[in-house]
Amino acid sequence: SLLSTSTQSSSTVDIMAPPSTSLPTPSDNAEPDDNAVGGADVESGIDRPNKRLKEDNIDEGEVAIVSSSNSSRVASPPLDQITNDAIDISANCQTAVLKLLFSPLPSSLAPSSTNANGTPSSNSYNATLRNTTTSAAEDNVSSFRQLWINHGFRTTAVTSPRAAVSVYLDSCRARCAVADEHGDGTTVFTNEQGHLYLLTILGLSPDQSMLENEYQSIQSVYSLCLFIKKLKSVREQDMKKECVVEIVSGWQELLEKIVDYSQQTTPASTLKQQLANLSNATSNIVSQLVSKLTDIDHSLRTDQLMHEYNRITYENCTLSNACLQRWLGRKSNNPNSWQLEEVFFKSSPPNRYLPKYERITMHLIDKHSNERRATSNNSNFVFLPSLSKLLQTKTHVANQTTGVKTIVDNMICTTWECLLRDGYYVDERRKELLGPELRKFYESGLMAGRDGSMPLLLNGHFQPTYSLSLYLHGTAGAGKSSLVRNIVPAINAAIAKHCDPELLVRFVKQNLNKPFKTLQLEMDLRANNNDLSVMSIIQVRRMTLAQSKPGLVFVALEEMPSNEEGADPNQGEVSKLLSMRFSGRKGDFKEGGGNIPRNSAKRGISGDATIITVLTSNYNLEKPSLEALQRLEMFKNLKVVEVAPVSGKYREEFALSYLSQRVGQSLAPWNGSLEIDLNVPCGSGDTRPLVRYLRMLSFYVHVLMLQSKQHSPSTSSIKVDVDYNTSNNITTVTTNSQSMQLTLGSFHNLYAMTPSIIDSRASNTIARLQSLHPTLRNPMELSQILDFYFAKTLAPAVILSHDKQLIHNLINLLGEADGVHVILDIDPTSYKMMKSLYDASDTPNLRDDILQIIHGDGRASAASSYSNSTLVAVELTCHSTDAQLCIREIIEDSPSLTAFSTERSALYKDGLLFGVCVDGEITPEIESRASLVI
């Protein structure tokens with residue numbers, strides 16, 4: 001183990017031997033060939049009682065190996081070099097991760113012609129055993145197999161239909177032991193560091209879970225380190241410019257110190273805090289670096305550089321993958337050019353658990369073959385992020401590996417957690433209705449059409465075969481549209497975390513509450529390349545030019561009308577229109593089906609399980625409408641779900657869960673036990689006011705923690721009590737040693753009854769604003785709103801006023817605060833708030849302006865604090881009621897999604913402040929979104 005200081009002896013196991021030029025006779029108790037992955041397994045590396053190795057096949061440098069059942073002689077594998085740079089065994093998990101990432105590879109894995117003890121490396125050793133008639137691909141596979149044998153793994157060679165190497169899981173869990181040749185009974189392990197490194201790659205290290213958890217906290221640090229290294233190799237002169245060096249030098253120096261400290265004795269808490277500082281700075285460093293490089297060379301594009309950075313992040317999404325890229329990555333120093341193409345996991349036979357047959361089969365890329373499979377693009381091979389959980393499951397139930405079930409369970413939990421993070425609570429009833437559909441969808445994507453008896457693909461992938469389709473109906477304000485809006489990034493996050501970090505879920509929205517003739521016009525198919533029908537747009541969203549692989553498309557068909565006779569539109573007619581157009585047919589709907597044109601299936605999207613469809617409506621789906629939709633394969637699994645507002649005990653559970661999550665996130669990296677006793681009224685109906693209240697409450701809990709310094713590393717648990725007094729409307733927050741009283745003010749904002757300076761940027765801005773506007777109303781309330789803004793509590797903060805100069809001065813002063821960027825004097829009637837579906841990609845709009853600042857911040861000082869995040873303040877001027885109508889979506893408290901958004905392109909509004917000057921009366925829609933009027 002990487003985290004232990006001693007190695008346990010293993011019991012007697014099968015003995016390994018180097019491959020022979022002649023195949024041995026199969027054992028009587030060998031598994032039949034039908035259990036082989038992709039063809040016949042040749043177990044020439046396994047010594048069995050009825051097999052003998054010829055003496056003339058033994059290479060020099062061999063030692064005797066003693067077994068309780070037999071004796072034989074095999075070639076001695078090369079030993080690891082004992083150097084200070086090798087990956088030492090350490091009790092510190094953080095140090096172990098850093099050494100895996102930054103120390104030299106174990107010498108038995110590093111490229112060399114000979115090893116330290118003078119024996120040939122696996123490449124030269126295996127050259128003496130090659131058959132001159134074998135192909136180059138077979139030679140490559142043979143040398144690859146020999147390396148695994150040399151590190152104590154039991155292997156077989158796969159010969160048909162493609163050459164591959166199988167590694168058995170029992171040799172990963174209980175390593176093959178080698179006895180001392182002097183026969184004194186001691187157990188000797190060779191290539192120990194290389195063995196542990198290979199186990200980490202396979203996700204089977206005894207300490208894999210702890211190592212992976214530690215790696216996730218520094219993944220962004222490691223990805224940025226690789227990104228800088230890549231830029232220095234391809235943009236050497238640009239990276240040497242002083243303006244670029246200023247951005248990265250401080251960050252790199254701190255990283256070098258940490259890596260040096262990892263070779264010594266450093267307190268775990270100190271190391272953790274240093275790594276947290278580096279991790280907090282990565283986003284700002286990347287944005288500054290990209291912005292500066294594009295300024296230096298205008299031929300470089302921001303999306304081009306970010307695509308490369310994202311590729312590095314995908315390929316190093318887990319510690320297993322990071323170690324794999326170091327060893328076998330496309331750019332690694334690999335003399336054999338071993339590159340994985342496909343890897344499969346073959347579980348034990350159906351309905352019985354025989355662990356000795358469980359194996360991982362690795363196919364290498366044959367550069368001399370025209371046939372390419374999984375890695376046809378320029379990306380490196382990437383394992384499933386959930387590889388470790390899949391392979392460390394040891395049971396087998398009903399033709400379905402329990403590991404797959406575990407991963408699917410985790411994906412569903414991640415979906416619920418992401419929904420809760422965004423303020424949408426899924427109660428038990430909704431989980432019971434939505435959970436089974438999500439389970440079938442996730443499981444089909446992970447299994448990729450294979451049943452439990454077939455080998456499972458271990459490449460990072462998600463290839464669904466089950467069509468996920470939902471019909472959400474309920475009263476207005478029940479949360480149907482909010483669920484659609486929030487579940488898109490939740491599904492994307494679940495797939496990225498557990499299956500494929502590179503896959504994107506695109507979003508397409510189509511309203512159905514339009515006159516029927518308008519819907520017909522939007523959905524009619526055109527017989528040319530200018531087809532911009534809804535179906536055509538859905539098809540092209542699977543694979544855009546910015547994507548490296550096809551993804552999923554989430555289609556939101558909102559506001560399905562009623563089925564009342566004479567209504568325009570009518571539910572039945574709209575359902576028939578969808579059924580015809582999505583099947584690729586232009587004609588009218590015919591009862592009974594009619595004759596289906598032979599080419600319609602190629603034009604339609606009916607059979608594409610990568611398209612997720614969700615319909616929303618205030619009305620139930622009538623049976624004739626359901627039957628019309630279910631003619632299509634994509635609606636065969638259509639699940640009708642009635643959505644009701646969260647109420648009663650579920651609302652109280654939501655409030656406690658959401659507050660605990662917010663407080664826990666604010667206290668990171670502290671990871672002690674947090675207990676909250678919440679006794680506040682939770683209201684009824686729409687949950688958005690409750691979410692806003694809880695976000696403000698979490699802010700004050702965090703302030704109290706900072707003042708009492710209770711979340712220090714030495715503190716193992718924190719107790720928080722929150723009580724609301726109905727007689728005086730005062731909320732009291734109490735921790736172990738301190739308390740704070742809060743009261744509701746205007747616009748349902750929560751204020752401390754004893755004001756104090758929380759963020760100096762807020763108090764300084766108010767002081768300067770008062771000097772310009774002595775008659776400023778509500779300065780203390782405005783200061784508190786700015787505190788919320790700087791802490792990213794409100795999402796977003798919206799300040800209204802009839803005084804244009806006051807709003808202008810406020811935004812200007814905020815722009816002088818550390819970490820704040822401003823956008824001035826935006827008129828919604830002359831400047832787009834966001835792009836429409838048919839706008840050109842370079843159409844100027846406010847939404848993209850904000851995203852460009854967040855993702856491409858090149859103005860922040862390189863010397864700014866690592867903990868500062870980018871904040872944006874926007875000045876809006878509304879001269880008319882129409883202008884107020886234009887800004888409703890951009891200032892509401894939910895993520896902004898266009899008709900073609902993904903999780904990464906969604907605009908999340910924490911950290912945004914809108915100062916809105918209104919001429920004339922403020923409309924109720926805008927006032928309901930306001931944080932304060934000054």
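Mentor: Both Phe-441 and Tyr-442 are buried, where buried means under 20% relative accessible area, exposed over 50% and partly exposed in between, with a 1.4 Å probe and protein chains only. The model is predicted, so local features need pLDDT of at least 70 and side-chain atom pairs count only at pLDDT 80 or more, while totals for chains, interfaces and linings use all residues. Residues are numbered from 1 along each chain as its sequence is written, and side-chain values use heavy atoms, leaving out hydrogens and water.

There are 20 aromatic pairs in the structure (rings of Phe, Tyr and Trp, the last by its six-membered ring, pair if their centres lie within 6.5 Å; planes under 30 degrees apart are stacked, over 60 edge-to-face, the rest tilted). Phe-441 and Tyr-442 make a tilted pair, because their ring centres are 6.0 Å apart and their planes stand at 45°. Phe-699 and Tyr-700 pair edge-to-face, with 5.2 Å between centres and 80° between planes. Phe-699 is buried at a relative accessible area of 7%, and Tyr-700 is buried at 1%. One aromatic cluster is formed by Phe-144, Trp-148, Phe-153, Trp-327 and Trp-338. The charged end of Arg-154 sits over the ring of Tyr-168, 4.0 Å from its centre (NZ of Lys or CZ of Arg within 6 Å of the ring centre and within 35 degrees of the ring normal).

Next, the sheet. Five strands run in the order 26-27-28-25-29, with parallel pairing, in an open sheet of 5 strands (strands pair if DSSP finds at least two bridges between them; strands, E of at least two residues, and helices, H or I of at least four, are DSSP runs numbered from the N terminus). Strand 26 (820-826) and strand 29 (932-933) are at the edges with a single partner strand each, so one side of each has no neighbour in the sheet. Strand 26 pairs with strand 27 (residues 871-878) over 5 bridges, in the parallel sense. His-821 has Val-872 of strand 27 as its bridge partner.

Last, helix 18 (residues 571-582). Its 12 residues should span 16 Å at 1.5 Å a residue, and the end C-alpha atoms are 16 Å apart, which agrees (the expected span is 1.5 Å times one less than the number of residues). Of these 12 residues, 10 are buried, so helix 18 is largely enclosed by the rest of the structure. Just after helix 18, Gly-584 has a positive phi of about 85°.
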